[in-house]
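My entries are recorded below.

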Amino acid sequence: MSAVFMVLTNSFDPDLRVYKEAVGLTQQGHQVEILCWDRDLRYRDKEEETLNGVRIKRFFIASQYGSGLHQIKGLLAFGKACRRYLKGKRVDFLHCHDLDGMLAGWIAGFGGRKVVFDMHEFYESGSYAKIRPLVRFVVRRLQSRSWRIVYLNRRQKEAVAKKNLHKLVFLPNYPNKDMMEPFCRTSSQRLRVNYIGSVRDEDSLAMLVRAAHGITGVSVAIHGMGTAYEAMKQLAERYPEIAVTGRYNGLTESKGLFENTDVLYCVYNTDVPNWKSAVPLKVYEGILSATPVIVSAASEAQPLVERYQIGWAVDCHDEQKLRSLLTELAQHPQLLEEKSGNLQKIQHQFTWEQVAQNLYEAYATEGGKAR
């Protein structure tokens, strides 16, 4: 049995990807503990807990999400807190989630430990775009210090140095096969077009709200939290027929949200490389629940949707095209039935159980001494 400590720079709500990895490794016989940075002090009453055999330890260091360089002080404090906590403990693997988690792990001390760099994103875009050369340098240095590098998509792999390609572990963020079971979609007289996930892309979500406004028989709901949540709440005041519900528990409430969804909205701004190159988890959850999906044209998700004929792709800047599509779907429900039928044929092709073996085999492999 190996002692695995995961470093996570959020409070673990739970974070579904992290949860699936941790529980799976526990079931493989490893002892897993997640070290979390609870920067908004949300879980002061749950400093330590155990969930399905996984231990969770939270560190309460105040900081504001999305505040850029202002978070460095908190990140340093979190890394030092992890270092103190790990002192004297057996640590076989230090599994660091995302770039900031990897930096916190470095502060905590890699030592001779086997370090896993779990890349949740492509890091040379978004808030890092202005310092792309520096970010690439740091990421590659950290990858060279890693024993294994977990990646999600082709764009991430392309940025990895040739000397580190042998460390790669492909782990797309597919949902658990039983996540939607038993599933029973509720009936509705309206076409329910819902967004379910992290509320970050304000422009694309605002486009949905405006495009759906005034279409007879169409309702819109935005479920989730994120940096664009407050902007969506303010927008909903001008469009009272739009529901912005806020935080939900991905483990216990996702199924219910999908059961009350007819069309899943997964459009993101493709000018952002991360959103262009990734297939969101929600697309795969849509497949698992046989929910037709609207994705961004020119994104990595478009070929998947078009190959299996399970949804539609729209330009992330074309509000009128989206409005026309929603109007057509509201007037012709048979279009949804056709896509749902196609979805049922591939429902279980993209599940966590299929790809998780890549992670388990990596942990079972001996060698790969940390440098």
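The entries that follow begin with conventions and then proceed by topic.

**Conventions.** I am working with a predicted model, in which local features need pLDDT of at least 70, side-chain atom pairs count only at pLDDT 80 or more, and totals for chains, interfaces and linings use all residues. Residues are numbered from 1 along each chain as its sequence is written, and side-chain values use heavy atoms, with hydrogens and water left out.

**Sheet.** I looked up the strand order first. Eight strands form an open, mixed sheet in the order β3-β4-β2-β1-β5-β6-β7-β8. Strands here are DSSP runs of E with at least two residues, helices are runs of H or I with at least four, and both are numbered from the N terminus; two strands pair if DSSP finds at least two bridges between them. I noted β3 (48-51) and β8 (168-170) as the edge strands, each pairing on one side only. On average, neighbouring strands of this sheet are turned by 20° against each other, direction ignored. For such angles, axes are lines fitted to C-alpha atoms, for helices over the stretch in contact, and the angles run from 0 to 180 degrees between N-to-C directions.

I then examined one pair. Strands β2 (residues 31-37) and β4 (residues 54-59) run parallel and are joined by five bridges. Cys 36 stands opposite Arg 58 in β4.

**Helix α10.** Is this helix buried or exposed? I found eight of the eight residues of α10 (residues 281-288) buried, so the helix is largely enclosed by the rest of the structure. Buried means under 20% relative accessible area, exposed over 50%, and partly exposed in between (1.4 Å probe, protein chains only). Lys 282 and Glu 285 are among the buried residues. Ala 290, with a positive phi near 55°, follows α10.

**Backbone.** I recorded a cis peptide bond from Asp 13 to Pro 14, with omega near 15°; Pro 14 is in the loop between β1 and α1 (16-27). The bond from Glu 181 to Pro 182 is cis, with omega near -15°, and Pro 182 is in the loop between β8 and β9 (191-196).

Asp 98 has a positive phi near 70°; this residue is in helix α3 and is buried at 17% relative accessible area. Ala 298 has a positive phi of about 70°, lies in the loop between β13 (293-296) and α11 (301-308), and is partly exposed at 44%.
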